[in-house]
Amino acid sequence: MADYFFIESREPGDTFGDTEFSDWVVGLVGLGHGATVFLTQNAVIAAREGCAYNTHLSALQAGGVRVLVDGFYGTEKSITTYAEGVESAEMDQVVDIIMS
């Protein structure tokens, strides 16, 4: 099966305003595929601990999706603590994942 890598940069409300995106990505995992969601630019706000959108990230993780956040933009947005299970990743790590 395939491994999918999604890069999300939009405001959390644009991506997680409903469950369509989460359901779709979790559905791929349910079909036997691997899936990673990488949050960058404005999307990193969803990964801030205590953010209302943490429930969407938890749903992704519960469905077997790996959630990464761009450490550079997390620092730019002054995020010091991420939601449980969210991993910080630098661009070289992202390239390694995509190229493997």
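Arg 66 is partly exposed, with 36% relative accessible area. The cut-offs are under 20% for buried, over 50% for exposed, and partly exposed in between, using a 1.4 Å probe and protein chains only. This is a predicted model, in which local features need pLDDT of at least 70, side-chain atom pairs count only at pLDDT 80 or more, and totals for chains, interfaces and linings use all residues. Residues are numbered from 1 along each chain as its sequence is written, and side-chain values use heavy atoms, with hydrogens and water left out.

**Salt bridges**

Arg 66 pairs with Glu 87 in a salt bridge. The term covers a side-chain nitrogen of Lys or Arg within 4 Å of a carboxyl oxygen of Asp or Glu. By that rule there are 2 salt bridges. The table gives both.

| Arg 10 | Glu 8 | 3.0 Å |

Strands here are DSSP runs of E, at least two residues long; helices are runs of H or I, at least four residues long; both are numbered from the N terminus. Glu 87 is partly exposed at 35% relative accessible area.

Now the pair Glu 8 and Arg 10. Glu 8 has a relative accessible area of 7%, so it is buried. Arg 10 is partly exposed, with a value of 42%.

**Nonpolar surface patch**

Which residues form the nonpolar patch on the surface? They are Ile 7, Met 91, Val 95, Ile 98 and Met 99, with about 520 Å² of accessible area together. Accessible areas come from the Shrake-Rupley method with a 1.4 Å probe; for residues, only the protein chains shown count as cover. Patch members have over 30% relative accessible area and no salt bridge; nonpolar side chains (Val, Leu, Ile, Met, Phe, Trp, Tyr) are joined within 5 Å, like charges within 9 Å.

Helix H5 (residues 91-99) supplies the largest share of the patch, 4 residues. Ile 7 belongs to strand S1 (residues 3-8). Its relative accessibility is 53%, so Ile 7 counts as exposed.

**Helix packing**

Two packed helices are described by the angle between their axes and the distance between the axes. Helix H2 (residues 20-30) packs with helix H3 (residues 54-62) at about 15°, and their axes are 9 Å apart. Axes are lines fitted to C-alpha atoms, for helices over the stretch in contact, and angles run from 0 to 180 degrees between N-to-C directions. H2 and H3 are therefore roughly parallel.  Roughly parallel means under 35 degrees; over 145 is roughly antiparallel, 65 to 115 roughly perpendicular, and the rest oblique.

**Loops**

Gln 41 is not a glycine, yet has a positive phi of about 50°. Gln 41 lies in the loop between S2 and H3. At 36% relative accessibility, Gln 41 is partly exposed.

Asn 42 is in the loop between strand S2 (34-39) and H3. Asn 42 is partly exposed, with a relative accessible area of 29%. Asn 42 and Tyr 73 are 31 residues apart along the chain, and their C-alpha atoms are separated by 7.9 Å.

Where is Ser 78 found? Ser 78 is in the loop between helix H4 (71-76) and S4. Its phi is positive, near 60°, in a residue other than glycine. Ser 78 is exposed, with 59% relative accessible area.
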